[in-house]
Amino acid sequence: MSTGFIWIAAIIILGGVIATVGDRIGTKVGKARLSLFKLRPRNTATLITILTGMVISFSTLGVLLAFDKRLRDGIFEIGRVQRLLELRRQDLTETRQQLETTTKAKTQVEQELTQAREEQKAQQIEAQRQQAAAQKRLKEINQSLRAALTKQIQTQAQLNRTRGQLERVSAQYRQAQAQLNTVTGQARRLRQEIQQNQKELQALVAQRNQLKTRISQQDREIAKLDAEIQRRDRSIAQREALLKDLEKEAIALARNLQLLRQGNLALVRGQVLAARVVRIVRPSAARQAIEEILREANRNAMNQTQPGVEKISQRVVKISEKQVEQLIEQIDDGRDYFVRILAANNYVVGESSVQVFADVALNQQVFKPGEVLSRIEANPAVMTTREVRQRIDLLLEAAKFSAQRAGVLDENLLIADNRIQTLIRFFEQLQSYDRPLELKAIAAQNIYTAGPIAVELLAIQNGQVIFSTQQSVPQPTEQGAESREQGAEEQRSREQGAEEQRSRKQGAESGE
């Protein structure tokens, strides 16, 4: 027999017993004609019956609430469950928007890839055409050069023959003077033709050299085109790699979207399961410290993936022995380290194995007391209560963003003595002030990598502190803060990031 039937039978029996007892008591009271609170005996018996019914209802509800934890959770935590459901719906909406953005980016990258390939093909065809034309022109010039050389050889042979004839008739000078003059004229003309041919040959040689120069220039241009093609190939490869990464991210987002739709996502990738600051003085104690952190991570993972299991008898977190050895080597030098155990992937309720990895950071000082984390202008005289609250939220979000950017890994933000009354008092003082002010968030104490982010809020006018969240506050120092800001552009980006976080926070509050 199941436990539910046992409870139902027990409740029925208990109700019957209490009803019987109440009826007996009412009967006896009626027969004895007792009177309570100056009521008539009949009314007294009725009152006893009513009280008996109330005892039955109260005992039934008490038994159910005492022995059924799920009923208690359903009655007393229904509001928290509804708020959590609304937050999950908002996360689902954001995930859908991210998926749409990723799909648009993928489409754009594919279009750019297609266009780049078409341009590459066109450039290759144009380069091949220019190279073929240059080779054809060079071939024609070489043919002209060979023809000119042949003509020069023929002319030189003819000149040699003419000189031989001149030598043969030189003895007959007197007898063949007219013939000699004729031959001399022919020799002069032949010399002129040789000079003309030499000039043409020089012009052809110069043209050949010019064409060689042009060919060299074209070769250099072709080399540049090849380099451009290689650069485009690398760009295409990078875009293809980016496209693959976007596809992987789209798959992961789709899986997260499916898990969010199912409503059973227990752990998200990168979620901190355990965090602790450790200092290892003796190397033999390093493994023990790591095991304690892993046990804490195992408890938290079990509570998230297997809710309702009170006794933790198995180890669900998985980490390789090599990672543990590397972690021990990192932290066994006697310095303070901030060790975090994070989930390696997304996990749903019911998972029996959670892959984790360790993140180690030297727990060093990031901010000194009095260093400015963020600043903002405000004019309460012309601002509504909502706008004043928004400026304070923006100041706090900017301080948190600045601390995380500087290296603080903890996300907890502590304001002054961490009491809501202190922040309310500062808000009321700011709201009642009627002049423009500069609001600053400064470090209230030494802030380390492990956090927390402890800040004090100051209201300053003309360099003087008008009021703050604490009467005695560290003097704000500009050194360190200015080195982290690095100009007005970075400050604007920081405030923009804080504004986005504040908008998401307000969206969550409105959902609640």
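First, the ground rules. Because the model is predicted, local features need pLDDT of at least 70, side-chain atom pairs count only at pLDDT 80 or more, and totals for chains, interfaces and linings use all residues. Residues are numbered from 1 along each chain as its sequence is written, and side-chain values use heavy atoms, with hydrogens and water left out.

Confidence next. pLDDT is the predictor's confidence in each residue, from 0 to 100. The chain has a mean pLDDT of 77, and 81% of its residues reach 70 or more. Two stretches to flag. Residues 472-492 have pLDDT below 50, and beyond near neighbours in sequence this stretch has 35 contacts in the model. A contact is heavy atoms within 4.5 Å. Residues 501-512 are also below 50, with 17 contacts beyond near neighbours in sequence.

Now the open sheet. Helices (H or I, at least four residues) and strands (E, at least two) are DSSP runs, numbered from the N terminus. Two strands pair if DSSP finds at least two bridges between them. What is the strand order in the open sheet of four strands? It reads β2-β4-β6-β3, and the pairing is mixed. β2 (272-279) and β3 (317-318) are at the edges; each has a single partner strand, so one side of each lacks a neighbour in the sheet. β3 pairs with β6 (residues 354-362) in the parallel sense, over two bridges. There, Lys318 has Gln355 of β6 as its bridge partner.

Helix α7 (residues 321-331) packs on this sheet. It touches β2, β4 and β6, and its direction makes about 15° with that of β6. Helix α6 (residues 286-305) lies across β2, β3, β4 (336-343) and β6, and runs at about 165° to β2. For these angles, axes are lines fitted to C-alpha atoms, for helices over the stretch in contact, and the angles run from 0 to 180 degrees between N-to-C directions.

On to β10 (residues 437-443). Is this strand enclosed or open? Seven of its seven residues are buried, so β10 is largely enclosed by the rest of the structure. Buried means under 20% relative accessible area, exposed over 50%, partly exposed in between (1.4 Å probe, protein chains only). β10 runs antiparallel to β8 (residues 372-378), joined by six bridges. In that pairing, Val372 has Ile442 as its bridge partner. β10 also pairs with β12 in the antiparallel sense, again over six bridges. Ala443 stands opposite Val455 in β12.

Helix α8 (residues 385-406) comes next. Its 22 residues should span 32 Å at 1.5 Å a residue, and its end C-alpha atoms are 32 Å apart, which agrees. The expected span is 1.5 Å times one less than the number of residues. Buried residues in α8 include Val388, Ile392, Leu395 and Ala399. Just after α8, Gly407 takes a positive phi of about 125°.

Last, the loops. Between β9 (413-415) and α9 (420-432) sits Ala416. Its phi is near 55°, a positive value in a residue other than glycine. Asn418 is found in the loop between β9 and α9. Its phi is near 65°, also positive and also not glycine. Asn418 has 51% relative accessibility, so it counts as exposed. Where is Pro452? In the loop between β11 (447-448) and β12 (453-461). The peptide bond from Gly451 to Pro452 is cis, with omega near -5°.
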